[in-house]
Amino acid sequence: MENCFHCGDECKTVINHHNKSFCCNGCKTVFDILNDNDLSYYYDIEQSPGTTPFFKEGKFDFLENKEITSKLLEFNEQGTQVVSLLIPTIHCSSCIWVLENLNKLNPAIKTAQVNFPKKTVRITFSSEEITLKNLVVLLSKLGYEPYISLDDATKKSKKTDRSLIYKLGVAGFAFGNIMFLSFPEYFEVNEFWLDKFKPVFRWLMFAFALPVALYSGQDYFISAYKGLRSKILNIDVPIAIGISVLFIRSTIEIIFDYGTGFFDSMSGLVFFLLLGKFFQQKTYAFLSFERDYKSYFPIAVTRLIKNNLTINEEQAQVYELKKGDRILIRNEELLPVDAILIKGNALIDYSFVTGEAEPITKTSGEHLFAGGRQQAGSIEVEVLKPVEQSYLTQLWSNEIFSKNKQSHFQSLTDGISKRFTLSLLFIAFIATFVWLFIDSYIALNVFTSVLIVACPCAIALAAPFTLGNLLRIFGRNKLYIKNSAVIEQLAHIDTVVFDKTGTLTTNTKNTITYKGISLTEEEETLLTSTLRASNHPLSRSLYAILDKNNIQPLDTFKEDIGQGITGKINNQEIKVGSFGYVENKNEISQSKAQQRTAIHISNNNKYKGCYVFYNEYRDGVKEVFNTLKKNYNLVILSGDNDGEKEHLKKLLPKNTTLLFNQKPEDKLNYIKQQQQNGKNVLMLGDGLNDAGALAQSNVGFSISENVNIFSPACDGILDASKFKDIPNFLSLSNQGITIIKYAFIFSLIYNLIGLGFAITGHLKPVVAAILMPLSSISIVVFTTLATYYIGKKLLPKKINLN
């Protein structure tokens with residue numbers, strides 16, 4: 001079997017061109033475009049870098065509507081337009097090279113800049129020489145079809161908050177300079193010029209420390225104030241006390257020339273705390289975790305306008321549709337509104353909404369719901385409800401989508417902080433009281449020293465650095481998590497719920513077996529020739545696996561939507577479809593094969609047999625369930641019928657709960673019931689039918705064949721190729737929490753050592769300067785090495801930690 005020179009796929013039908021093999025005319029055309037425009041270097045950068053183009057005429061006609069294009073354009077003045085397009089098929093350096101050389105294909109394109117992590121290309125072009133539609137068509141013919149959805153027309157520009165970066169930069173700059181100015185003080189260097197300018201150095205340290213305390217550390221004071229107003233001693237209260245005491249005492253020392261103070265310790269403390277916060281907030285900007293139906297719906301549809309005796313077509317924005325409007329839905333297009341079928345035969349695939357994989361046949365006058373995809377020809381429908389009131393949109397009206405999932409760990413940290421703060425203040429007052437009877441001067445030093453050295457910086461750093469490192473490790477292994485708090489919630493999971501279609505099964509292939517009388521070579525030729533003429537998804541799936549030898553043109557072809565197809569060659573007639581269609585019977589056979597999706601075949605009205613379709617389960621499904629059953633309750637919630645129930649019982653552990661025919665509301669309510677029974681639930685799904693369940697669950701992961709294509713609102717997006725690593729991800733999160741607890745213990749040890757110096761009145765600037773940064777640095781090093789170790793242990797060889 002030869003591989004395509006352009007895309008690298010196996011050539012089931014080989015097209016030889018320029019001494020090269022291509023799998024289809026689309027790949028050959030792209031090769032010709034690149035070769036004719038002196039862009040053949042594209043193939044030298046990567047081997048078989050391209051993707052097979054599936055361009056469909058008329059798909060981007062809506063871009064002729066100026067109102068729609070104006071919402072997509074970033075700039076539109078003086079004949080120059082700028083647009084940013086999401087292109088999910090960008091995957092290698094060859095893609096970047098050809099996209100950034102689009103000007104060689106069309107001089108009207110001035111510049112093109114690729115953002116590889118976000119899978120976008122920003123193109124500047126002359127609107128007088130090329131339209132946005134023609135630009136998109138050019139990209140599509142090259143195999144880089146842009147993904148344009150309703151969300152693109154309604155999204156608002158996001159303002160990037162860089163305040164944390166600025167605060168971190170100020171603290172880091174001040175920390176480095178203060179440390180440099182403090183070296184003579186640390187080592188008590190006796191040198192004339194150093195002694196002469198010592199006051200200048202100390203006031204310079206004050207100048208560097210002032211913006212650290214007032215600007216970089218302001219969030220801790222604000223948080224502490226809000227906590228105290230709410231009568232809560234959160235972790236920021238002792239941190240704010242520590243920063244305040246460090247700054248005030250240091251300022252007093254340099255004013256009265258008592259010493260150099262602790263400005264270095266204060267700036268180092270704030271710097272490491274902000275660094276930890278930066279780690280905690282770091283996430284994957286190129287992924288959207290808050291997607292809803294707008295990311296799935298088309299931006300426009302074809303509206304039919306009756307004008308006297310003629311009917312005209314226009315491209316209308318989806319949001320403009322009103323009740324009573326008539327729209328045209330072509331083959332493979334998605335229905336964005338609830339509607340009534342007026343003309344045509346509808347075969348609607350609702351799998352992305354309900355989870356049911358079997359397309360549904362609809363006739364004139366029947367109700368169609370938003371979110372379904374037409375699978376057979378064009379249909380005309382009348383709008384019943386605008387997009388905001390459709391069934392699919394109502395999935396997002398549930399209150400669960402406005403719920404914020406709280407962090408258990410934050411409450412744990414605040415609980416430790418409450419006890420820590422009370423204990424710290426108690427020790428400070430008792431030690432000061434005792435020293436008042438011994439030496440009143442030392443008593444004040446002891447009070448401030450206790451508050452300084454016992455600042456819980458290590459406690460505050462333990463969680464963000466550990467979870468931040470795990471966030472990076474998960475990302476390198478294609479589990480993209482919304483934020484670090486999700487990892488901590490993942491460690492509390494005791495119930496794992498799976499959707500079936502698209503989650504346990506793969507959308508890319510089916511297992512198909514034949515049962516019945518063997519077909520002759522002539523019958524096989526007639527079958528493949530007939531299947532080739534059909535656009536039904538099952539027909540296409542079967543056609544893809546059959547040999548394409550001796551394909552002949554049909555004498556006649558007939559397709560009965562939702563029932564089957566008939567083809568004739570030389571008085572040989574073959575019927576392909578449902579059992580009732582090929583046998584001319586109204587009742588479906590109750591054979592075991594009929595419990596599954598099947599295509600039946602008859603030749604000259606003689607029944608031959610059937611091809612039975614089995615869902616192809618992902619690699620490692622059995623192993624994943626067998627590993628998880630030791631520590632978790634396992635559940636399957638499927639919108640499909642129970643045709644594969646017996647197969648799943650054999651495949652999965654006995655204690656797995658199997659529930660079929662589950663509507664989106666049923667899935668959400670089931671998870672809510674489990675939570676009311678004290679369970680912490682991880683939900684894994686893939687489609688809009690799982691959106692409510694993903695939002696209701698303690699943690700919701702969306703399984704995706706392509707993480708840049710649509711996935712519903714969730715806490716994390718898991719690349720389908722990493723399905724078998726789910727147990728390792730769960731184990732990694734559990735061990736991450738263990739690392740945090742060990743870090744707490746180390747922090748306590750540091751605090752006890754520091755308190756020993758402070759209570760006895762021996763806390764010198766050099767001791768504080770060593771202990772405080774050392775505790776912070778050691779926690780950072782410990783959490784980094786520990787997470788690296790457990791990551792390498794649980795995901796050996798496959799993990800990339802760099």
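Predicted model: local features only at pLDDT ≥ 70, side-chain atom pairs only at ≥ 80, totals over all residues.
**Exercise 1.** Find how many bridges join E17 to strand E24 (residues 633–637), and in which sense the two strands run. Then do likewise for E17 and strand E26 (residues 681–685).

*Solution.* Step 1: E17 and E24 run parallel and are joined by four bridges. Within this pairing, phenylalanine 498 has isoleucine 636 of E24 as its bridge partner. Step 2: With E26, E17 also pairs in the parallel sense, over four bridges. Here valine 681 in E26 stands opposite threonine 495.

**Exercise 2.** For the open sheet of four strands, state the strand order and explain why one side of E3 and of E5 is left without a neighbour.

*Solution.* Step 1: The order is E3-E4-E6-E5, and the pairing is antiparallel. Step 2: Strand E3 (73–77) and strand E5 (109–115) stand at the edges with a single partner strand each, so one side of each has no neighbour in the sheet. Step 3: On average, neighbouring strands of this sheet are turned by 15 degrees against each other, direction ignored.

**Exercise 3.** Describe the pairing of strand E4 (residues 80–86) with strand E6 (residues 120–126).

*Solution.* Step 1: Seven bridges connect E4 and E6 in the antiparallel sense. Step 2: Serine 126 in E6 stands opposite threonine 80.

Terms used: Residues numbered from 1 in each chain as written. Heavy atoms only, no water. Pairing = 2+ DSSP bridges. Axes fitted to C-alpha atoms, helices over the stretch in contact; angles between N-to-C directions.
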